[in-house]
Amino acid sequence: MQKILFSIVLFISFLGIKAQNVMTPELLVQLNKVSGKGITKDGKSVIYSVSKYHLDSDSKSTTLYKIPIIGGNAEVITNDSALLNDASISPNGTYKIIASDVKLKNVTGQDFYSDVKNSNVKIYDALNYRHWDTWEDGAYSHIFYYETKNSDAKGIDIMEGEPFDCPQKPFGGAEDYLWSPDSNSILYVTKKLNGTAYAVSTNTDIYEYNLKTKVTKNLTEENKGYDTQPAFSSKGQLAWLQMKRDGYEADKNDIIVKLDDKTINLTANWDGTVNSFLWDEKGEKIYFIAPIAGTVQMFEIKVPSSANKISEPKQLTDGQFDVSGMVGQSKNTMVVTRRDMNHAPELYTVNLKDGKMMQLTHENDATYNSLDLGKVEKRMVKTTDGKEMLTWVIYPPNFDPSKKYPTLLYCQGGPQGALSQFYSFRWNFQIMAANGYIIVAPNRRGMPGHGVEWNEQISKDYGGQNMEDYLAAIDDVAKEPYVDNDRLGCVGASYGGYSVFYLAGIHNGRFKSFISHDGLFNLKSMYGTTEELFFVNWDLGGPYWDKNNKAAQQSFTKFNPVNFVSKWDTPILIIQGEKDYRVPIGQGLEAFQAAQLQGIKSKLLLFPDENHWVLNSQNSIVWQREFFKWLKETL
């Protein structure tokens, strides 16, 4: 009887899945999230994990798998430690690295006054007092090592007494430290600056700590921008990523190699920027991924024997997708993560001889096979200054060109974030399309993948040419007979949210609805409350009180959305994370208050526990429901 009941429930559930033929918020948050862990020691299999959120129980589960690198059935495993190389253990097996917090500064009331144990106060006398979504507490992440044969022994702090972090805040991880091939040294990445100097600089360096001498050496002292992701080849040659200019977080990212005690920039003459890289097994090439023409692809470049023998990078993959990460290599095969606007990331293999790809995991095939997906089309749009701009246009499932559709202009954040074939679990184009909207997503000025000049143009020109790029894209697509020009909306987050606020004051009646998530509204208060000041210094030009700084004065006057708020006349939804310290809460509250006081239809969607993103699954569902509820009301 129980088997019969189970079969009935299963059949009903199956019918429910088949009846649901478009993407929904509930389906989106319950998609399987695939993460590659590495290639097994024998080179024959790939280890990966699958995480899943369960809406009915508001819980998450993670399962570990092993799958043959040539394809086949995945096998559930319970432990991967014996199958994968542990990068935290020295090559000779003697030592292990760990990262751990060390309290070095007094910050809380209790730190200063032992008799007020129940006080709740923080005391600061210098920047940087908070980062991303956490307040500084006086503790710093340090690198320790200890002997593997004595795991109970107290580790040795190679940064003892130093008020610096490794891994780096806010997003650093295991890529920030590694062993030298001879096991005699530990290399690590940190920014050895304090106070205001820390807040305005991107000058991270790669340091080498010698276990025998206890001496630390700065390997990249001559470079004043980011130095990150150090990695040794199988031959013991060191490479890393480097940005040249201090304070410019979106500078061209190049691959640097050490050759005979000299540094060589492999990609200096290549008109692109590198996301990440891996040495090939023989140490003769470097594979890297980089944005190009609205996608992210995999490249290779040969490592030269001398500085005058540098070759051009060779593109290995090509197609309407993103290669979002490299998991590892086994002979002529590279395992990568691949995604596109209609599909969440899955693992693929790349044939390193011809670039051909094979899908390895199929964790979400059943869901996607039950859905009607919208078409994603590449469209070239002529900008106001005569350039050709790639614009993605996403159509509703079962699109009928004889009908008219409401259309959304999507404004990308960053502002130097690539608008590639990404798959977002919040700004999901497939859900927008499933709700009957056409989406117009232009690769406006400021985005990587179209040359360094295109990428850099946006800095200090926030309200300039890129705003013209946005309007050129929506105006071009709006000429099509299937676009309902009386139902145009404009949406975006971060710099995209800034774009929404700015366009709300200059759109000349184009749009009938706006949605801004964590957007910059008042650039003066933004400058006074954001945490990583190098960002606003570079992109806005400097502080608002510097009256002799023409770039800064233009940003805080001509390009400041708050100065055009009197021209707002269109409904606007404002979304804000209370723990967003990059674009702090005042930005959203100021914008909402301005709209309300002017009698403009507006709504504030506040997430007290979210930062610049929405990470909680149930919060994400509310986000999606309110997003489309607003569009339904206003479009």
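A salt bridge is taken here as a side-chain nitrogen of Lys or Arg within 4 Å of a carboxyl oxygen of Asp or Glu. The structure is a predicted model, in which local features need pLDDT of at least 70 and side-chain atom pairs count only at pLDDT 80 or more, while totals for chains, interfaces and linings use all residues. Residues are numbered from 1 along each chain as its sequence is written, and side-chain values use heavy atoms, with hydrogens and water left out.

By this rule, the model holds 22 salt bridges. One of them joins R245 to D251, with the closest N and O atoms 2.6 Å apart. R245, at 33%, counts as partly exposed. Another pair is K382 and E388, whose closest N and O atoms lie 3.0 Å apart; E388 is partly exposed, at 45% relative accessibility.

Turning to the interior, a nonpolar core is a set of buried Ala, Val, Leu, Ile, Met, Phe, Trp, Tyr and Cys residues joined through side-chain atoms within 4.5 Å. The largest such core has 57 residues, and L409, Y462, Y498, L503 and W568 have the most contacts inside it. A second, separate core of 39 residues includes I439, M447, F627 and W630. Where contact means heavy atoms within 4.5 Å, and leaving aside residues up to four places away in sequence, W568 touches F501, A504, G505, F521, A591, A595, Q598 and I600.

Terms used:
Buried < 20%, exposed > 50% of the residue type's maximum accessible area, 1.4 Å probe, protein only.
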